[in-house]
Every structure is written in structure tokens, then in C-alpha cells.
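I opened this structure to look up its aromatic pairs, its nonpolar cores and its surface. My entries follow in the order I made them.

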Amino acid sequence: MPVTSLRRDMTAAEWQQRVELAACYRLLAHFKMTDLIYTHCTVRVPGEPGRFLINPYGHRWEEITASSLVKIDVDGNKIDDSPHRVNPAGFTIHSAVHMSRHDAACVIHTHTRAGMAVASLKEGLLPLNQIALQFYGRLGIHDYEGIALDLDERERIIADLGTDKCGLLLRNHGLLTVGRTVAEAFNLMFYLERACEVQVATLSMGREIVLPPQDVCEKVGAQYNQMNFDDGDLLLEWAAHLRMLDEIDPSYRN
């Protein structure tokens, strides 16, 4: 279906959400957080309970556009006439989060080198620096149960994420963040990935490590938790990302 026809058949809010999610995929590709055609970012469709947008299975994230995103239900089934395939199995983790956390409009899941490395450590993410401290007390841990195909695992994912965590460290697997907007979920993933990269670099130095005192860790974690996600800084950051994408290749908006 031509882009103009597709836009005409949906609300302005849905189209804007499509543009935002397509931008998210392009940004994750730009910052080297893809796993070829695997893993996913999903977002709720405004005004349509139980409906979500997901990437067309088989597309590289650099190729994804607003119109190519596929609308699915809570079980990962296509509910539009998109010609593209979806990967229902890949929606298992996302559906668990969307069903339990109604504040989680967007869910991002990655399999990056640094993220998987840190997820394989017993201690997980260490409070090594200010970036990592952003997630102190705000990151859940979910133990590895194999490829996420079993629907009963969703209950344990929900329990490990809880009602107040901004993401999960998926043991031996990867990273997951949730946000009330696409911009917030991406911001969290960008900095969680950066924290993992810094941890890998720090531990590779073979030198004595200095960790902040626990009370300082708790203070910084609480400071981040109290920040208003739409206080202006996040919107400025997201606008800067979009300007970069528009300069590189604005086709994500199609």
C-alpha cells in the first residue's frame, strides 16, 4: 500500500508513533545495537488497546520505515494487511511487559556484545560510574530459561520487572528497557548499553576498582528515579537524534 494511502487510513497519533519507532530502529542500528534481523522494539498503538507495532521480520534495522512496521495483537498475530512477516516468538518477552506494565508504551530488547557480557556476570551491572548509577536499584534481573518461546515464562518476566523497574538484565541473554515513550525507552537503552561498555572496559584493565559507598549509590539511583521523564531534556535529546537521522537518511519517515 502506498505511504499516502496508509497514512490516510490511520490516525495522526498512530502515524506519529510509527515515525518514532522507525527512528528508534534506525538509531539502534546507527549506534551498533542490532543483532542482524533479530530482537525487537515494540510500541503501543495509541487508542487501540492490545495493539502494538513491531518490525517486519527479515528487514535490517537500517531499512525500517514508518509504513513498513506491522500491527499485531498481544499474541503476536498480524491484524493488518501488511505484506511483511512478523516473528511471533520474538514478541513473547515484549507481550509480557506490555500486558503487565501499562506505563510501558515502548519496550526495547537487544543482544549486544557488552550487554550480553555483563548479563553473564554473577554480579551483573556494577555501580562503577555515574552512568551505571543511573540504574542502581532500578534494574531487575531475569534468569535465563532458554530461548523465549514458552508463554509461561511471561509470568516470571513480569515478576522480575515488577512495577517500578526501568529495565531488565536478562541473564546470559541481553538487555531490556521500558519507557512511557519511544524516546524514554531509547534513552534508557543507550545509557544502559554505555554502562555495560564501560564495565567491560574497566574490568579489562586488571587494576583495583573503586566503588562508591552504598549510600551514594542509593542517592544517585533515587535522583535519576525522581527525574521527570519529559522535563525538557529528554525531548531536546530526542529532537537532536531526529535531526541526525534526517541528515543521514530521512527515509525512516516514509
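**Notebook: rings, cores and a patch**

I began with phenylalanine 31. At 27% relative accessibility, it counts as partly exposed. The scale I used: buried is under 20% relative accessible area, exposed is over 50%, and partly exposed is in between (1.4 Å probe, protein chains only).

I noted the ground rules next. This is a predicted model, where local features need pLDDT of at least 70, side-chain atom pairs count only at pLDDT 80 or more, and totals for chains, interfaces and linings use all residues. Residues are numbered from 1 along each chain as its sequence is written, and side-chain values use heavy atoms, with hydrogens and water left out.

**Aromatic pairs**

I found eight aromatic pairs in the structure. Rings of Phe, Tyr and Trp (its six-membered ring) pair if their centres lie within 6.5 Å; planes under 30 degrees apart are stacked, over 60 edge-to-face, and the rest tilted.

How are the rings of phenylalanine 31 and phenylalanine 190 arranged? Their centres are 5.1 Å apart and their planes at 80°, so the pair is edge-to-face. This pair links distant parts of the chain, 159 residues apart. Phenylalanine 31 is in the loop between helix 2 (12-30) and strand 1 (41-44), and phenylalanine 190 is in helix 7 (residues 182-203). Helices (H or I, at least four residues) and strands (E, at least two) are DSSP runs, numbered from the N terminus.

Phenylalanine 190 is buried, at 15% relative accessible area. I then checked its pair with phenylalanine 186: the centres are 6.2 Å apart and the planes at 40°, so this pair is tilted. Both sit in helix 7, four residues apart, and are separated by about one helical turn.

I logged one aromatic cluster formed by Phe31, Phe186, Phe190, Tyr191 and Trp238.

**Cores**

Phenylalanine 186 is buried, at 0% relative accessible area. Beyond its neighbours within four places in sequence, its contacts (heavy atoms within 4.5 Å) include Cys24, Leu28, Ile108 and Trp238.

Which members of the largest nonpolar core touch the most others? I listed Cys24, Leu28, Ile108, Leu125, Phe186 and Trp238, out of 53 residues. Such a core is a set of buried Ala, Val, Leu, Ile, Met, Phe, Trp, Tyr and Cys residues joined through side-chain atoms within 4.5 Å. Among the elements that each supply at least two residues of this core are helix 2, strand 4 (106-110), helix 7 and helix 9 (233-248).
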